[in-house]
Amino acid sequence: MKAAVVVFPASNCDRDAATALEYVTGNRTRMLWHKDSEIPADIDLIVLPGGFSYGDYLRCGAMAAQSPIMRTVVERARAGTPVAGICNGFQILAECGLLPGGFLRNAGLKFVNKPTPVRVETSQTIFTNKFEAGEVVSFPVANGEGNYFADDETLKRLEGEGRIAFRYQDNPNGSINDIAGILNEAGNVLGVMPHPERHVEPIHFCQDGRRFFESLAAAVG
Amino acid sequence: MPETSAITPQIVAEHGLSPDEYAKVLQLLNREPTLTELGIFSVMWSEHCSYKSTRFWLKQLPTTGPQVIHGPGENAGVIDIGDGDACIFKMESHNHPSFIEPYQGAATGVGGIMRDVFTMGARPIAMLNALRFGEADHPKTKHLVAGVVAGIGGYGNCMGVPTVAGEVNFDASYNGNILVNAMCVGLARADNIFLSAASGIGNPVVYVGSKTGRDGIHGATMASAEFDDDSEEKRPTVQVGDPFTEKLLLEACLELMSSDAIVSIQDMGAAGLTSSSAEMGSKGDAGIELDLDHVPQREENMTAYEMMLSESQERMLMILKPGREAEAKAVFDKWELDFAVIGRVTDTKRLVVKHKGQVMADLPITALADEAPLYQRPWTATPKKPVLSAAEVPAPEDYNATLIAMLGSPDMASRRWIWQQYDSTVMNDTAQGPGGDAAVIRVHGKQKALAVTTDGTPRYCLADPVEGGKQAVAETWRNITAVGGTPLAYTDNMNFGNPQKPEIMGQFVGAIEGLKEAGIALGYPVIGGNCSLYNETNGQGIMPTPAIGGVGILKDMEKRATIALKRWGDQILLIGDTKGWLGQSIYARDLGLTSHAPPPVDLAAEKRNGDFIRGFIESGQVDTVHDLSDGGLLVALAEMVMASNQADDVGAQIDLPDGAAAHAFLFGEDQARYLVAAPQPVAERLLAEARAAGVPAIRLGVAGGRHLRVADLVWLDVPSLREAHEGFFPALMAAPLN
């Protein structure tokens with residue numbers, strides 16, 4: 001697997017995503033700059049990391065979605081390259097139209113960081129094949145605007161097409177239908193609000209996030 | 001204010017200079033200052049920047065040791081943590097602004113202390129804080145708590161630096177003056193540390209970061225005065241922070257620092273362009289000439305006075321090597337930050353400020369820094385208080401009810417409501433976040449870790465500033481020890497009232513004596529800090545509040561201890577001597593007994609007991625330790641029980657030693673003590689070795705069961721304890737405003 005992590009101004013989980021990828025897969029991760037419009041052809045996984053891209057100004061992810069690299073990310077995603085957006089990365093994927101829906105402020109109106117139980121809804125994806133469907137694992141949330149929202153029609157499609165990847169067991173931010181992570185129609189783009197990359201090493205709360213990256217390594221090769 | 005105003009006594013007074021100080025200005029200049037010059041003197045000679053009341057005393061603190069690379073005097077202190085790594089840290093207050101505008105006051109406090117650390121070449125890796133609010137039911141408290149916590153989180157979370165530890169107290173003395181002390185810990189290579197002394201005649205002086213606006217003018221002067229009923233009117237002096245820009249500034253500075261283009265660098269904090277340029281000139285024994293026409297400006301028609309006194313955030317001043325401007329500019333262009341050459345280093349030892357072709361200020365730099373007033377203010381020692389004997393203190397009728405009430409009281413309740421609003425896990429190096437004795441942060445990519453904590457017990461300091469000062473330092477040392485760390489150095493944030501009152505100055509002098517004694521006895525020097533005086537409203541001062549931030553090292557982070565009970569059957573041991581000291585305990589305070597001596601700190605016992613326990617953690621034999629502090633033994637044990645795995649509670653059963661007065665034994669706050677839980681064979685070894693080493697240690701009982709049981713006095717299930725402990729903050733903050 002040749003993974004790349006995109007760095008936007010005020011991304012702040014870029015290093016975390018890269019070190020988790022390297023820790024789990026042993027492969028070196030490339031960092032891509034938001035102003036670049038090229039993504040090397042051999043990159044076979046693109047990660048949009050957490051953080052506060054462009055200071056969350058305008059709307060979380062809205063400005064990053066307009067950056068030069070995102071045009072290329074969208075092209076590559078449509079051509080089938082796996083793309084994972086974590087936290088702010090999920091917001092960017094929603095803003096650029098690769099995933100449906102959007103985000104509101106947390107229902108509690110406060111930033112929240114804590115380990116959160118999430119249920120893996122399907123193991124039939126490139127992101128979750130090392131989990132069991134129905135299994136409850138722990139990833140930490142760390143967001144202020146993680147309250148996922150979509151209209152009824154969209155929700156019906158997401159639910160009906162098996163595109164809910166993760167669901168909160170103890171909804172920390174008010175997300176509709178307890179949604180913590182969703183897939184695009186083709187199944188190669190995933191947005192996940194909690195941070196699998198923070199539950200990887202022995203010093204972390206647990207190592208459930210390791211299998212997220214192992215799944216990708218298994219699927220991508 | 002027009003630049004051409006004549007300097008009247010009223011204008012001098014508005015600038016916070018006393019008539020004597022102004023007379024000194026006239027004498028140093030041998031002429032009347034311009035308004036811009038008066039403004040520059042007013043901030044440079046403010047208490048906030050000049051430490052004029054405290055410098056004499058701060059010099060007495062121990063600041064050296066083999067681990068110290070840079071002590072006080074730079075933007076932050078630097079210690080050696082081995083393998084060529086250095087840890088850079090400091091704590092600083094943002095008290096006055098946070099009371100007036102809690103969100104921005106706290107946020108810019110965080111931003112300011114981060115800049116102090118990354119201006120020296122370190123990547124910030126952990127944030128801590130020490131917060132004091134007024135009474136929980138005071139009408140302003142909720143608003144201030146909510147704003148301060150949101151501000152700390154809003155800034156630190158965006159920066160991507162985990163906020164990992166802190167402390168919070170509530171007391172009526174803070175009703176009109178809350179304390180917001182923020183500490184930043186950073187990591188650098190020991191051979192790539194950046195200082196602030198200007199050098200190299202002709203070298204360019206470069207401004208980077210945000211544009212300059214009219215915000216924060218006179219912030220340093222405001223922070224050097226008391227509040228009155230019109231304090232709200234000072235809102236416009238509070239700066240507004242932009243963590244997004246600071247994050248870019250951090251990355252840009254660290255990127256440029258990986259080259260050798262920078263001669264020296266200084267953040268623009270209090271008094272902005274004035275203090276940064278004067279300090280760089282002063283430290284380098286050089287002159288600085290600035291042309292304000294080149295300063296990036298956010299607003300139109302700014303005067304020299306306004307630009308020199310602006311406290312706009314997220315700005316840095318640096319001296320570059322000649323010819324390196326283009327290379328440096330490219331880095332700041334990449335991060336879309338302003339970059340402007342605004343002056344030169346000169347050999348005149350003068351600060352010369354030009355604007356629109358005119359010289360607006362021309363001052364000898366020594367007059368601003370070295371010649372700043374230095375006062376040895378009169379002081380009176382705080383009278384010693386009588387010792388409170390256990391017999392004078394009624395025992396609880398119902399120990400269960402007393403413990404439940406204590407665990408749910410403002411000073412003792414869980415702070416989860418606060419710290420869940422902070423990102424404590426970003427950077428992926430948090431081995432132990434909030435809720436323990438000290439946080440443990442891995443040195444990225446290595447096996448070692450830093451242990452960090454903030455502590456202080458203001459009610460001890462009020463009763464006896466010397467013992468209270470000792471205790472504040474000793475408690476950080478003990479908390480670092482309790483996780484298995486070797487304490488290396490501390491930073492002090494001295495929050496006091498008006499130093500012109502002899503009894504307040506006496507509190508300061510006493511606390512410094514305590515800090516000094518503890519630092520020397522524990523081999524634990526101070527490497528930087530901050531003083532915040534004039535924390536008074538309508539003549540009423542806060543409790544003397546030295547907040548101490550400590551840093552220690554764990555060579556192997558796998559060998560660390562936490563407070564949580566882990567195994568049924570572990571033996572519960574008490575290390576350290578228990579006399580049952582109730583004076584200034586939480587228990588006595590809650591009964592209204594507040595005028596007695598606090599627990600004395602035996603620094604030799606502190607060191608002996610701590611070194612002993614640390615040895616057992618470092619050797620991997622012990623993984624469960626808790627320091628004893630506020631609330632005493634019973635609260636500490638309850639905390640160990642509550643911290644056990646929620647899916648499988650581990651309770652505790654203990655009995656009292658023969659002859660102990662139960663309330664004094666359980667609630668006394670004797671110092672230098674730890675609770676340890678360890679399997680039987682380790683416990684036996686520990687007790688035997690303690691006897692041999694002269695460390696007091698006794699077996700109290702055993703971990704296990706689903707209850708906390710103490711003799712026949714306490715019997716509570718674990719969920720009841722948690723409910724009381726966790727319930728206070730959410731209930732307080734959800735209650736409607738009065």
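Biologist: How many positive and negative side chains does chain A have, and how far apart do the centres of the two sets lie?

Modeller: Lys and Arg count as positive, Asp and Glu as negative; His and the chain ends are left out. Each charge is placed at NZ of Lys, CZ of Arg, CG of Asp or CD of Glu. Chain A has 21 positive and 26 negative side chains, with centres 2 Å apart. This is a predicted model: local features need pLDDT of at least 70, side-chain atom pairs count only at pLDDT 80 or more, and totals for chains, interfaces and linings use all residues. Side-chain values use heavy atoms, without hydrogens and water.

Biologist: How many helices and strands are in chain A?

Modeller: Helices (H or I, at least four residues) and strands (E, at least two) are DSSP runs, numbered from the N terminus. Chain A holds 5 helices and 11 strands.

Biologist: What share of chain A is buried?

Modeller: Buried means under 20% relative accessible area, with a 1.4 Å probe and protein chains only. Buried residues make up 61% of the 221 residues in chain A.

Biologist: Which residues of helix α2 of chain A are buried?

Modeller: Helix α2 covers residues 68-78. Its buried residues are I69(A), M70(A), T72(A), V73(A), V74(A), R76(A) and A77(A).

Biologist: What do the buried residues of α2(A) pack against?

Modeller: Contact means heavy atoms within 4.5 Å. The partners in chain A are strands β1 (3-7), β2 (30-33), β3 (45-48), β4 (83-86) and β11 (189-192), plus helix α3 (88-95).

Biologist: What comes just after α2(A)?

Modeller: G80(A), which takes a positive phi of about 110°.

Terms used: Residues numbered from 1 in each chain as written. Chains lettered and ligands numbered in written order. Buried < 20%, exposed > 50% of the residue type's maximum accessible area, 1.4 Å probe, protein only.
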